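Here is a short briefing to read alongside the sequence and the model. Take a moment to get the chain on your screen, and then we can walk through it together.

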Amino acid sequence: MRSISAATPRANWSLPQVAGVLALTATLVQSQPVLKLETTDANTGRPLPARFSLEVNGVPFQPDDVGPHGLRFLSLHDSKKQFRAITYTRGTFPVEIRLPESSREVTVHVAKGFEFFPVSRTIQVSDYSEPSEMRLNIPLKRWSSLTLEGWASSDPHLHYDRFSRSANIDWFVMMAGDDLESIHFMMLKGGKVPSEWGAQYGYGKRGEAREGPRLITAGEEYRDAAQGHVNLLGIHKIIPPIMAGRNGIPNYPFLHDVFLETRKMDGLGGIAHGGALGTQTTAALDVVLGAADFMEIANTHLYVPDLWHRLLNAGFFIPPLGGTDLPNYPARDPWQPFLGGMRTYAKVDGQHDFSSWKQAVKAGRVFVTSGPMASFKVNGKDIGDKIALPAGGGEVEIDAVLKSPIPLTEMEVLRNGLPLSCDIVKKNLGGVHHWRIRKKLSINESCWLALHGKGSPIKALDVDRLKQQPWAETSVIAQTGATRVLVGDKPILSREDRDWLARHLQRQREFYETEARYWNERQREERLRHFDDAVRKLKGLQ
Ligand SMILES: [Zn+2]
């Protein structure tokens, strides 16, 4: 896996391929269409960085060169053969794009995160008297400003090389182009490719970069073939062996200890991909024992909330997170941002350092989205809060809103993971789909509530290899963190889910007793003790 964030060498495709036409080069180049593209703020007219993509004569066109005022990023995933060139305007001067001589019709798509309207414009080359001077200004209109309400957007799951501090200049442009406040890189070791991927020039504070409200951090995705994948954000030292449970390395260290080590380094550690990857993933174990800080339930191509629901139902409060896992599935629909195509909004209340972001995530003040903006209030309190009801229970007032220029298809208020029957008021206000649920709900048993939504299918994810996967999600989704409603001093406790988790852990204990590998017997005993402690904890819940 490699990445190139600088402009690639100019491929001079514009030169005629046929030797006999070479004499005409000068005139042809002069009449060659050149698009001068500018993206600006619709309110102020100021240039703004944004992602753009092109179609020429109805066919996607990726320019080889976008000049000094554009940015062309090549995303490569060697083993999956997923390559994609992504282009941005830098928000300085117009980007000059040389178009094929055969261009008749040019469509420009511009996207800037989820809170600006995506724009598509089609122009006819024949409408310009000077095709070498086709100027196009695309004003971008913001329809949502969650930052003003204290929210910050982040992509907490990226794997690209960042060999030096100087690379950050381009990353900040891409973050601005995709309207993201923070991105979090994680190095890892490949299963198929033996080398390290997504290497960073520094970790912890050394690997961190700030520019205004924008933050970049470096960490590690630690993987074990059996225990699963975990994301360790903001750590200052790599935890070895990075990839375990294969190539002669036993299933040691335990992810449980890897998480504790992460906390010691002031990092943030959680389960990756909803615990879906790994032959005997210890996601439930690590949450029950209180070692994991979050559970990533969504990536660009994946949504796996089931285990997260079960853990919440059994009373284990664990915040959800969502990030792209780029360079996996880099293809995008024209309206989608590239970085943060799946992202997490966290309520940081105007603070933009890693520690504040980490606290917001740990408190569950988050929602995960691949498009819609979510608002979820219970008795006026925000996502992640606790509501205390008297011992006899009471009524709460739910006010849930989903907004998106991309069509919505589903909206549900979940209680302990199950949808409540609700009336949805559906409107379209100025081009934004605006769905709202207001509901009074009597509650006599402690529970958690959250908002879930779904939208249009993402065409770029309509690929066969994805459809065969049980965890695949190819439509737009939104999922808020949980709000707890506690009746009296009773904890949230679904006995069914508690028993399911206990059975699940007991089954896994067998695998970790007989099939998992360790360096020595003491490690096996310690592992089994983890399972026994977790099962005892579950059984002790009343
Ligand atoms: Zn990953």
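Predicted model: local features only at pLDDT ≥ 70, side-chain atom pairs only at ≥ 80, totals over all residues.

Residue numbers start from 1 along each chain as its sequence is written.

**Helix α4 and its surroundings**

- Helix α4 spans residues 255-264, and its buried residues are L255, H256, V258, F259 and T262.
- Viewed down the axis of α4, these buried residues fall within an arc of 165 degrees, so they line one face of the helix. The arc is that of the directions from the helix axis to the C-beta atoms.
- "Buried" has a cut-off: 20 or more other C-beta atoms lie within 10 Å of the residue's own, while 12 or fewer make it exposed and anything in between partly exposed, with C-beta atoms placed from the backbone.
- The partners that the buried residues of α4 pack against are β15 (214-224), β16 (228-233), β18, α5 and α10 (521-540).

**Strand β19 and its neighbours**

- Strand β19 covers residues 294-299; six of the six are buried, so the strand is largely enclosed by the rest of the structure.
- Strand β18 (residues 268-271) pairs with β19 in the parallel sense over two bridges, and G270 stands opposite F294 in β19. Two strands count as paired if DSSP finds at least two bridges between them.
- Together, β18, helix α5 (residues 283-288) and β19 form a right-handed β-α-β unit. Right-handed means that, with the strands pointing away from the viewer, the path from the first strand over the helix to the second runs clockwise.
- Strand β21 (residues 320-322) also pairs with β19 in the parallel sense, over three bridges; here E296 stands opposite L321 in β21.
- Strand β20 (residues 302-303) runs antiparallel to β19, and two bridges join them. A298 stands opposite Y303 in β20, and a hairpin of two residues links β19 to β20.

**The chain as a whole**

- The chain has ten helices and 33 strands.
- Its radius of gyration is 25 Å, close to the 24 Å that the globule rule gives for 542 residues, so the chain is as compact as a globular protein of that length. This radius is taken over C-alpha atoms, and the globule rule is 2.2 Å times the number of residues to the power 0.38.
- Along the principal axes, the C-alpha atoms fill a box of roughly 85 × 55 × 40 Å.
- Of the 542 residues in the chain, 47% are buried.
- Among contacts with a separation of 6 or more, 75% are between residues 24 or more positions apart. A contact means that the C-beta atoms of two residues, placed from the backbone, lie within 7 Å.

**Domains**

- The chain is divided into domain 1 (3-140), domain 2 (146-487) and domain 3 (495-540); the bounds come from an automatic or database domain assignment.
- The centres of domain 2 and domain 3, taken over C-alpha atoms, are separated by 27 Å.
- Between these two, 14 residues of domain 2 are in contact with 20 residues of domain 3.
- On the side of domain 2 that touches domain 3, the elements giving two or more residues are α5 and α6 (306-313). The largest share, three residues, comes from α5.

**Backbone spots to check**

- Most residues other than glycine have a negative phi, and most peptide bonds are trans.
- The peptide bond from P240 to P241 is cis, with omega near 5 degrees; P241 lies in the loop between β16 and β17 (243-244).
- L326 and P327 are also joined by a cis peptide bond, with omega about 15 degrees, and P327 sits in the loop between β21 and β22 (343-347).
- D325 is in the loop between β21 and β22. This residue is not a glycine, yet has a positive phi of about 65 degrees, and is buried, with 26 other C-beta atoms within 10 Å.
- N57, in the loop between β3 (50-56) and β4 (59-61), has a positive phi of about 50 degrees although it is not a glycine. N57 is partly exposed, with 14 other C-beta atoms within 10 Å.

Notes:
Helix = DSSP H or I, 4+ residues; strand = E, 2+ residues; numbered from the N terminus.
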